[in-house]
Amino acid sequence: MQRTFTFQIEPEHNTSTVYNYLRSKGFSRQSIIALKKLPESILLNGKWCYVNERLSADDCLTVYLVEKEASPNIVPCPIPLDILYEDEDILVVNKPAGMPVHPSLNHYEGTLANGVAHYFEQQGVPYVFRCTNRLDKDTSGLVLLSKHMVAAGILSTMIAERNIHREYLALVSKGEKPLPDTDTVNAPIARCSDSLISRCVDFQKGERAVTHYKKLKQKDGYDLISLHLETGRTHQIRVHMSYLGHPLLGDSLYHGNMELIKRQALHSHKLSFPHPITREPMTFTAPVPADMERLI
């Protein structure tokens, strides 16, 4: 993967070092260290420079990023991809339910990573798979991928600083008590002591987990809700809704009703974030898949 960045130095960055300037543009320390190891990857007014050199207003700083190695353990597989957006820095894909994001012990092929690896292999482009928002195998919807290390580092910081807004749609059971029209679930999540997979609410050992939800539609026996994540713990939505007594339909792991749908009725519907390089506001939505649409 190759990418060129060109910066005209603004007056407020006069006398800044190259290193500090790149950090101000979101370049991670790891990215700058990697760039330093590449020949003539950082040029100041057309000449190779050290990252501790000082800048002057109106200088031209050029960064050449070249990644020659692909992810070593991801086998390219010809899997159809529903690509909603692509530019030099990011890729937004609508993942179907039933497709794992990464290869694992039981899924070496047939994952989103395998399909993306094949997509870039066909173009002759080495690609390292970097996923910003991971989804469970049976959760459908939007996945944001970085196309190079710089975008990956910036998007990782955005996640940590809550600058990537994620909206999910889910179908949940009515439960014994009615679900409030809107609420915030603030309940820490930990791994269950008797399982390698399941998570649970644990106020003693759990990590902070916050989910905001709003009821959109009431049906006979279940509700359609919209959820916004403030944190991103494993199985967070599934655990929180089960904790409230309203598990997702089709969620066998957390005791959801399996009669109406055969996978957890959860869809990554909307992503909003500033573009990692241009900072332009970006918003993407993915249509509700057929199995959930039928119930809605």
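## Surroundings of Phe 129

Leaving aside neighbours within four places in sequence, Phe 129 is in contact (heavy atoms within 4.5 Å) with Ser 71, Ile 74, Val 101, His 102, Leu 112, Ala 113, Val 116 and Leu 145. The model is predicted: local features need pLDDT of at least 70 and side-chain atom pairs pLDDT 80 or more, whereas totals for chains, interfaces and linings use all residues. Residues are numbered from 1 along each chain as its sequence is written, and side-chain values use heavy atoms, with hydrogens and water left out.

Phe 129 is found in the loop between H3 and strand S7 (130–131); helices (H or I, at least four residues) and strands (E, at least two) are DSSP runs, numbered from the N terminus. With 11% relative accessibility, Phe 129 counts as buried, where buried means under 20% relative accessible area, exposed over 50% and partly exposed in between (1.4 Å probe, protein chains only). Its C-alpha lies 8.0 Å from that of Ala 70, although Phe 129 and Ala 70 are 59 residues apart in sequence.

Helix H3 (residues 112–121) is largely enclosed by the rest of the structure, because eight of its 10 residues are buried. These are Leu 112, Ala 113, Asn 114, Gly 115, Val 116, Ala 117, His 118 and Phe 120. The buried residues of H3 pack against strand S5 (83–86), strand S6 (90–95) and strand S8 (140–146).

In H2, the buried residues are Ser 31, Ile 32 and Leu 35. Viewed down the axis of H2, they fall within an arc of 95 degrees and so line one face of the helix; the arc is that of the directions from the helix axis to the C-beta atoms. Gln 30 and Lys 36 are exposed on the other side of H2. The packing partners of the buried H2 residues are H1, strand S2 (42–44), strand S4 (60–66) and helix H4 (149–160).

## Aromatic pairs

A search of the whole structure finds 10 aromatic pairs. Rings of Phe, Tyr and Trp (its six-membered ring) pair if their centres lie within 6.5 Å; planes under 30 degrees apart count as stacked, over 60 as edge-to-face and the rest as tilted. The rings of Phe 5 and Phe 27 form an edge-to-face pair, since their centres are 5.4 Å apart and their planes stand at 75 degrees. Phe 5 lies in strand S1 (residues 2–8) and Phe 27 in the loop between helix H1 (18–24) and helix H2 (29–36), so the pair ties together parts that are 22 residues apart in sequence. Phe 5 is buried at 4% relative accessibility, and Phe 27 is buried at 1%. Phe 5, Phe 7, Tyr 21 and Phe 27 form one aromatic cluster.

## Salt bridges

The whole structure contains 13 salt bridges, each a side-chain nitrogen of Lys or Arg within 4 Å of a carboxyl oxygen of Asp or Glu. The side chains of Asp 136 and Arg 238 meet in one of them (2.9 Å, N to O). This pair links distant parts of the chain, with Asp 136 in the loop between S7 and S8 and Arg 238 in helix H5, 102 residues apart. Asp 136 is partly exposed at 21%, whereas Arg 238 is buried at 7% relative accessibility.

Arg 238 also forms a salt bridge with Asp 251, the closest N and O atoms being 2.8 Å apart. Asp 251 is buried, with 1% relative accessibility. Elsewhere, Arg 3, Glu 88 and Asp 89 are linked in a network of salt bridges.
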